Amino acid sequence: MKTPLTHYRKPKQFISNTLQRYSPRGLLLYFLPMALIPATIIALGKGNILGIIVNASGFALYVFAAWCLRKGLQAETALADSPITRTPKLPLKMLAAIITALATGLIAWLGAQQTFPVAMMFAGGAFLGMYLSYGFDLRQKKKIADAQGYSGDEILRMLEESSLIIRSIEQANDKIRNAELNQRIENICAIADRILAEIESDPRDIRRARKFLNVYLDGARQVTEGYARTHQLTQSGQLEQNFRNVLETIESVFQEQHQKLLEEDVFDLDVKIEVLTTQLKREGIL
Amino acid sequence: MSLLLRQFLGFILLVATVGLATCQSIIKAEPVADVEAVFPVTVTK
């Protein structure tokens with residue numbers, strides 16, 4: 001029997017991303033410079049060129065700073081959820097603080113016509129306010145412990161690469177116009193994400209999961225990208241059926257892999273309990 | 001310093017600096033208040 005679409009569990013990271021996207025944190029910077037809109041209009045009415053330029057560019061700088069800040073906060077949440085997430089190349093929150101300070105100094109000096117030292121104080125206050133409210137970017141990545149002859153950095157790199165492969169499968173999925181296949185691929189990506197999370201929480205799994213990371217995941221990407229490219233050129237029912245069969249196989253292999261990792265954990269726990277029981281018996285406690 | 005207090009201080013600083021600078025910018029843009037200065041009315045007796 002087919003599983004209804006609503007019964008698929010959404011991957012944790014998607015839920016987290018959605019929450020972060022609609023979080024009000026960082027929106028203040030969009031609202032604070034609203035006064036610059038009437039200021040620009042008044043300057044326009046009075047034909048004050050400097051006023052128009054200063055107020056309009058100040059408003060644009062604040063909006064850009066707010067955008068950077070929101071992106072920085074989103075990246076921070078994603079990094080807190082999983083160390084596999086790549087950090088943005090630029091320190092976005094720091095950039096937002098600098099732009100806010102610059103815009104405030106500019107508005108205070110040329111717009112509000114304060115003296116230069118006072119405008120500098122406005123800029124410094126805005127920078128400090130940004131730091132206290134939102135902090136600066138976390139550049140230090142989380143560490144993963146060494147395991148099974150692999151260093152923590154090696155494991156992190158493998159997980160990062162695998163995460164990128166999953167993201168490219170998702171991108172290829174966006175190009176496929178078939179709800180059923182889309183759902184299957186989303187399901188596969190969700191299982192793959194769970195496997196990565198499993199390895200991340202227990203890096204000893206890396207040896208057993210290497211085949212999955214190197215062979216199956218990359219194979220899934222190649223197949224999905226290939227289908228996304230070719231199905232736009234030809235409408236072949238046979239091609240679609242073949243792709244569906246491949247997806248079913250991939251899904252079952254991924255589920256099997258995930259199950260193996262979980263079972264191995266249960267086995268580990270059983271062994272640990274057995275060793276502990278033997279030790280307690282030997283000590284005469286049991 | 002607790003996180004909440006830090007964020008509150010940051011909020012106050014941001015509102016004070018950005019809010020003050022932008023509001024002063026409107027005042028300095030000098031909205032037209034004196035209508036007669038713009039539309040001089042000549043009163044004939």
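Mentor: The expected span of a helix is 1.5 Å times one less than its number of residues. Keep that rule in hand for a predicted model.

Start with H5 of chain A, residues 92–111. This helix has 20 residues. From first C-alpha to last, H5(A) reaches 27 Å, close to the 28 Å expected. H5(A) is mostly covered, with 15 of its 20 residues buried. After H5(A) comes Gln113(A). Its phi is positive, near 55 degrees.

Now set H5(A) in its chain. Chain A comes to ten helices and zero strands. Along the sequence the pattern reads α-α-α-α-α-α-α-α-α-α. Chain A has 286 residues, of which 32% count as buried. Take the contacts in chain A between residues at least 6 apart in sequence: 72% of them join residues at least 24 apart.

H7 of chain A, residues 152–174, can be checked by the same rule. Its 23 residues should span 33 Å at 1.5 Å a residue, and the end C-alpha atoms are 33 Å apart, so the two agree. The buried residues of H7(A) include Ile155(A), Met158(A), Leu159(A), Ile166(A) and Ile169(A). Ser162(A), Ser163(A) and Asn173(A) are also among them.

Next, the meeting of the chains. H6 of chain A (residues 116–134) packs with H1 of chain B (residues 3–28). The angle is about 150 degrees, and the axes lie 7 Å apart. The crossing of H6(A) and H1(B) is left-handed. On the H6(A) side, the residues that meet H1(B) include Phe122(A), Gly125(A), Ala126(A), Gly129(A) and Leu132(A). On the H1(B) side, Leu9(B), Gly10(B), Leu13(B), Leu14(B) and Thr17(B) are among those that meet H6(A). By class, this contact has 13 nonpolar, six polar and one charged residues.

Step back to the whole contact between the chains. Here 22 residues of chain B are in contact with 28 residues of chain A. The side of chain B that touches chain A has twelve nonpolar, seven polar and three charged residues.

Last, the confidence scores. The model scores ipTM 0.72 and pTM 0.58. Chain B averages a pLDDT of 78, and 62% of its residues score at least 70. Where pLDDT is low, the predicted coordinates should not be read in detail.

Key. Residues are numbered from 1 along each chain as its sequence is written. Chains are lettered from A and ligands numbered from 1 in the order in which they are written. This is a predicted model: local features need pLDDT of at least 70, side-chain atom pairs count only at pLDDT 80 or more; totals for chains, interfaces and linings use all residues. Helices (H or I, at least four residues) and strands (E, at least two) are DSSP runs, numbered from the N terminus. A residue is buried if 20 or more other C-beta atoms lie within 10 Å of its own, exposed if 12 or fewer, and partly exposed in between; C-beta atoms are placed from the backbone. pLDDT is the predictor's confidence in each residue, from 0 to 100. Axes are lines fitted to C-alpha atoms, for helices over the stretch in contact, and angles run from 0 to 180 degrees between N-to-C directions. A crossing is left-handed if the near helix is turned anticlockwise from the far one by less than a right angle, and right-handed if clockwise. Two residues are in contact if their C-beta atoms, placed from the backbone, lie within 7 Å. Ala, Val, Leu, Ile, Met, Phe, Trp, Tyr, Cys and Pro count as nonpolar, Asp, Glu, Lys and Arg as charged, and the others, Gly among them, as polar.
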